[in-house]
Amino acid sequence: MFKRVGVLGHPLRPITAEVCSEVAQTVRQRGAEAWCYTTWGAAEIRPQVAESDLIIAIGGDGSMLRAARLAAQYDVPVFGINAGHLGFLTESSLSEWDQALERLFSGMYWIETRMMIRAETWRNDSRLLVENALNDVVVSRGGASRSILVETYIDGGWTTTYNADGVIIATPTGSTAYALAVGGPILPPELANILVIPVAPHLSLDRPLVLAKGAVVELRIPDETMSEAMLTVDGENLNPLRSGDSIVVQGSEHRARFVRLRERHYFYRSLLDRLEPHEPSRRARQPYQPRRARLDALAEDMPS
């Protein structure tokens, strides 16, 4: 059972501050310690997370990504309350979080584990940055409208040089995010494969690659690249890249863990509920007449 719970509210959504306090109070009433922050950059958050059994994130998928990346370092599971738009990674709505917590503290949950990837940025022989991602690592063009060149190596061997707006390295979780928007395949979340997907490629490989478990991908900005390039991890711009820089991406030693209340086979139905157009209500279910046909009908009714 959870003995110490952290609650993180979205710093830019005012409603989450009130909900954060209410959730923390409810957790205390159920016999557990609780802390609450709505400022994600607070220096004291990391030691608090390290000493917690559960993190409750209030927000949308962006909040879940940030919370999962933070909690994964300490093997702490995350439970999401949706205060955003899509909320694909969350487990409860704002209107039902109290019922969800009741089920949670009654032990009616299971833990889902998802792969993460680790990205290292290298300049010459110096490692500049190390970041873990749950969704994706993206090398893309900066402010200029021209495409960039990205040399791509898989397991140490040159694969291709993309001439594109960018290249996405995605996890199975990220396969339903940016990668899906540019035509990538959907991977089940329990897999440990990596996707390589170009964004708007020009005269270069335009098909996504699904790599085997354990694959290592290196993206290098060749010396002849004149356009500015940018590194993005889970949607956050981290730093501009120079010619000669390389990004090495592989499976991370960390795993994101999510607390689930739904059935274990929830993934596909939940995904399609968000992608398929919803069936119209019975009241609105009337045959639609195209505008052109309506105008023609009106013209026929008008006296000559």
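Me: How many salt bridges does the count come to in this structure?
Reply: The model is a predicted one, and a pair is counted when a side-chain nitrogen of Lys or Arg lies within 4 Å of a carboxyl oxygen of Asp or Glu. By this rule, the number of salt bridges comes to 19.

Me: Which residue forms a salt bridge with Arg260, and where in the chain does this partner lie?
Reply: The closest N and O atoms of the pair are 2.9 Å apart, and the partner of Arg260 is Glu91. Arg260 belongs to strand S17 (residues 246-260), 169 residues apart from its partner, so the pair links distant parts of the chain, with Glu91 in the loop between strand S4 (78-82) and strand S5 (92-93).

Me: Is Glu91 buried or exposed?
Reply: Glu91 also meets Arg262 in a salt bridge, at 2.8 Å from N to O. Arg262 lies in the loop between S17 and helix H6 (266-275), so this pair ties together parts that are 171 residues apart in sequence. Arg262 counts as partly exposed at 23% relative accessibility, whereas Glu91 has a relative accessible area of 12%, and because the cut-off for this class is under 20%, Glu91 is buried.

Me: What is the N to O distance in the salt bridge of Arg141 and Asp165?
Reply: Arg141 counts as partly exposed at 29% relative accessibility, and Asp165 counts as partly exposed at 23%. The side chains of Arg141 and Asp165 meet in a salt bridge whose N to O distance is 3.3 Å.

How values were computed: Residues are numbered from 1 along each chain as its sequence is written. This is a predicted model: local features need pLDDT of at least 70, side-chain atom pairs count only at pLDDT 80 or more; totals for chains, interfaces and linings use all residues. Side-chain values use heavy atoms; hydrogens and water are left out. Helices (H or I, at least four residues) and strands (E, at least two) are DSSP runs, numbered from the N terminus. Buried means under 20% relative accessible area, exposed over 50%, partly exposed in between (1.4 Å probe, protein chains only).
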